[in-house]
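Hi,

Here is the structure I promised to pass on.

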Amino acid sequence: MKGRTPAALVLLMMCAVGAEAQTTKTPAAKSPASAAQTSEQQTKALNLSAYAELLRADVRAQKVAIITEVMGFTDKEDEAFWPIYREYDLEMSKLGDERVALIADYAKNYANVTDEVADRLASRALELEARRQELKGQVYQKVKKALSPLTAARFLQVEHQLLLLIDLQIAAALPIAPPAGAGGSK
């Protein structure tokens with residue numbers, strides 16, 4: 001338990017940042033008639049993709065330290081795990097880049113979301129999430145084979161918790177799509 005304290009504190013601090021983002025976000029304007037409000041919404045929405053990218057970079061820098069601390073690998077386990085993780089992390093980064101592009105697309109279309117745009121964005125988001133789950137399944141199998149099922153399950157738990165924190169922070173910053181009729185929907 002003593003070895004987990006710093007990692008737990010880092011996770012708690014990350015949660016606090018997510019909660020702060022949740023409480024400080026500005027609700028979307030109810031009337032798109034005001035050009036100033038629309039411009040302000042677009043500016044805020046455009047900043048979301050930059051925020052998501054910064055968040056990814058910050059968490060990625062801390063992930064290795066958290067995984068190292070929580071997993072407590074021996075030297076032999078270390079040698080087997082990290083090459084697998086680096087390959088996995090590279091693929092997750094590619095998915096993260098696609099997610100940032102999706103957020104930018106959402107931001108670009110936020111003021112005029114139509115049913116067609118909403119469907120396209122939601123379908124892309126679901127497809128990205130499915131690919132992320134598939135990748136997590138693949139890394140689980142590789143770690144299980146290289147180390148053990150228990151070690152692979154522990155890693156999957158830690159990775160899942162870290163991804164949930166990232167997802168929470170990004171979701172807390174994203175405005176909910178405007179209701180039908182408010183942003184160009186039919």
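By pocket I mean an open set of grid points with protein on both sides within 12 Å along at least five of seven lines. Keep in mind that this is a predicted model.

The pocket first. The largest one has a volume of about 700 Å³. Its lining counts 27 residues, and Arg99, Leu102, Ile103, Asp167 and Ile170 are the ones nearest the centre. Four helices, α2 (35-71), α3 (75-109), α4 (115-146) and α5 (149-173), each put at least two residues into that lining, with α3 giving the largest share at nine.

Now the core. The largest nonpolar core holds 30 residues, and Ile67, Phe81, Tyr85, Tyr88, Phe155 and Val158 have the most contacts inside it. Again α2, α3, α4 and α5 each supply at least two residues, and α3 gives the most, ten. Leaving out residues up to four places away in sequence, Phe155 touches Ile67, Met71, Phe81, Tyr85, Tyr88 and Val139.

Then the aromatics. There are ten aromatic pairs in the whole structure. The ring planes of Phe73 and Phe81 sit at 35 degrees with the centres 4.6 Å apart, so that pair is tilted. Phe81 also pairs with Trp82, this time edge-to-face, at 4.8 Å between centres and 80 degrees between planes. Phe81 is buried at 1% relative accessibility, and Trp82 is buried too, at 10%. Phe73, Phe81, Trp82, Tyr85, Tyr88 and Phe155 make up one aromatic cluster.

Cheers

Notes. Residues are numbered from 1 along each chain as its sequence is written. This is a predicted model: local features need pLDDT of at least 70, side-chain atom pairs count only at pLDDT 80 or more; totals for chains, interfaces and linings use all residues. Side-chain values use heavy atoms; hydrogens and water are left out. On a 1 Å grid over the protein atoms alone, a cavity is a set of points where a 1.4 Å probe fits but cannot get out, and a pocket is an open set with protein on both sides within 12 Å along at least five of seven lines; lining residues have an atom within 4 Å of a point. Grid points are joined across faces, edges and corners, and a volume is the space filled by probe spheres set on the points. A nonpolar core is a set of buried Ala, Val, Leu, Ile, Met, Phe, Trp, Tyr and Cys residues joined through side-chain atoms within 4.5 Å. Buried means under 20% relative accessible area, exposed over 50%, partly exposed in between (1.4 Å probe, protein chains only). Contact means heavy atoms within 4.5 Å. Rings of Phe, Tyr and Trp (its six-membered ring) pair if their centres lie within 6.5 Å; planes under 30 degrees apart count as stacked, over 60 as edge-to-face and the rest as tilted.
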